[in-house]
Amino acid sequence: MSRGRSPEPLDFFIWTVEDVGLWLEEINLGGYRQVFEENSVNGEYLESLSMFTTEQILRFIRRCHMKWGDFITLCKELRRIKVACLKGEQEVRRPWWAPSCLSVVFVRAAKRNRQSRVVSLKLEP
């Protein structure tokens, strides 16, 4: 994502650890930014939370020293982003790592493949 700006919600699967930290600040969970960075929590890890077993969730909460209410807030905010992705409400931009010459190509492909990019999210209860 572009440095200094909030990460793009549509692309949360490719968020870096820094992007996750910026997002935590946005959702008023900035107190966990350092511990998330220490544990290398990135967008791919956040996406996988929905597939965690109860034991893995408890281990994550203990490792990050999270309060239950804050964990629930984190999950609700992730859910909000995923629902917005499914509804197509998020702006599509090229990832920060893609060359600028591919902007138009990436945006067109992402718009065509929007549903395939979030197909795993439909399986959530």
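The model is predicted. Its largest nonpolar core has 24 residues, and helix 5 gives the most to this core, with 4 residues. A nonpolar surface patch of about 290 Å² is also present.

**Nonpolar core**
- Within the largest nonpolar core, the residues that touch the most other members are Trp23, Leu24, Phe36, Leu46, Phe60, Met66 and Leu74.
- At least two residues of this core come from each of helix 1 (17-26), helix 2 (33-38), helix 4 (54-63) and helix 5.
- Helix 5 is the one that gives the most, with 4 residues.

**Contacts of Phe36**
- When residues up to four places away in sequence are not counted, Phe36 touches Val17, Val20, Leu24, Val41, Leu46, Phe60, Cys64, Met66 and Leu74.
- Phe36 is itself one of the core residues that touch the most other members.

**Nonpolar surface patch**
- Leu58, Trp68 and Ile72 make the nonpolar surface patch of about 290 Å².
- Ile72 is found in helix 5, which covers residues 68-87.
- The relative accessible area of Ile72 is 43%, so this residue is classed as partly exposed, a class that lies between buried, under 20%, and exposed, over 50%.

**Glu37 and Thr16**
- Glu37 lies in helix 2.
- Glu37 is partly exposed because its relative accessible area is 36%.
- In sequence, Glu37 and Thr16 are 21 residues apart, while in space they are 9.7 Å apart, C-alpha to C-alpha.

Methods
Residues numbered from 1 in each chain as written. Predicted model: local features only at pLDDT ≥ 70, side-chain atom pairs only at ≥ 80, totals over all residues. Heavy atoms only, no water. Patch = residues over 30% accessible without salt bridge, like charges linked within 9 Å, V, L, I, M, F, W, Y side chains within 5 Å. Areas by Shrake-Rupley, 256 points an atom, 1.4 Å probe, with all protein chains shown as cover. Salt bridge = Lys/Arg side-chain N within 4 Å of Asp/Glu carboxyl O. Buried < 20%, exposed > 50% of the residue type's maximum accessible area, 1.4 Å probe, protein only. Core = buried A, V, L, I, M, F, W, Y, C linked by side-chain atoms within 4.5 Å. Contact = heavy atoms within 4.5 Å.
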